[in-house]
Amino acid sequence: MIDGGEPECFEEALDSEEKKQWVDAMQNEMKSLHDNHTYDLVKLPKGKRALETKWIFRVKQDSNSTLLRYKARLVVKGFRQKKGVDFNEIFSHVVKMSSIIIVLSLAATLDLEVEQMDVKTTFLHGNLEEEIYMKQPDGFLVKDKEDYVCRLRKSLYGLKQAPRQWYKKFESFICEQGYKKTTSDHCVFVKSFSNDDFIILLLYVDDMLIVGKDISKIDRLKKTLGESFAMKDLGAAKRILGIHISRDRRENKIYLS
């Protein structure tokens, strides 16, 4: 619950209904953090420092709907991290645009299914290797523990190493399912089945395209992913990286715009 005083992010005047929407969004974000065991409350060890945090707000509109969704995200001020202290390696792979185009061309030619999934709170799934502390989130100070800080156990948005830790977690998981990453693009994973059947999975941070002939196999993969990560099934792919995807199956064509 929001603690006594209003968060600094509410300094600007908001009407009561809008404020309620943002409070609900913040509480949903905090629930995700707690459910994911993102941090432990501890006393700050001597010689350590706690990074500051801030809230990021965004209003999203569902596709083909006028419904507005209020999204609040807790972000660490990672620009204050120091190499060798708060992070080491930060490089992370993302799927190449050329890979997306090639796989979609293959899907059009072979009349394959193209499904899409979205990973909720993506970076919260990555395990941290460094010892990192952050201040308690604005608006969510724990009573009688106001001087405690958060010892991070999982990655959080804003951390320099967050994308890398998420990729390592996902790569390990999907390879355990029998998928192999291609040598030309480490964000393209392929699994072969009997009768020349296969599934291709493309990963771009929190967006996934899943391409294959057998929709039942794709559905099983979706279920497996959903059991390990917080996922949203977006159905047939319609948009990725700002690119609209439309399809004419009679002509065996996929259009990108």
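**Charges and cysteines at a glance**

K120 sits in the loop between β5 (113-119) and β6 (133-135), with helices (H or I, at least four residues) and strands (E, at least two) taken as DSSP runs numbered from the N terminus. This is a predicted model, where local features need pLDDT of at least 70, side-chain atom pairs count only at pLDDT 80 or more, and totals for chains, interfaces and linings use all residues. Residues are numbered from 1 along each chain as its sequence is written, and side-chain values use heavy atoms, leaving out hydrogens and water.

**Salt bridges**
- The count comes to 15 salt bridges (a side-chain nitrogen of Lys or Arg within 4 Å of a carboxyl oxygen of Asp or Glu).
- One of them pairs E131 with K48, the closest N and O atoms being 3.7 Å apart.
- That pair links distant parts of the chain, 83 residues apart: E131 is in the loop between β5 and β6, and K48 in the loop between β1 (39-42) and β2 (50-51).
- E113 and R249 also meet in a salt bridge (3.4 Å, N to O).
- Here E113 is in strand β5 and R249 in the loop between β14 (243-248) and β15 (253-256), 136 residues apart.

- K120 is partly exposed at 42% relative accessibility (buried is under 20% relative accessible area, exposed over 50%, partly exposed in between; 1.4 Å probe, protein chains only).
- E131 is partly exposed at 33%, as is K48 at 39%.

**Cysteines**
- A search of the whole structure turns up zero disulfides (pairs of cysteine sulfur atoms within 2.5 Å).
- C150 is buried at 0% relative accessible area, and C187 is buried at 0% too.
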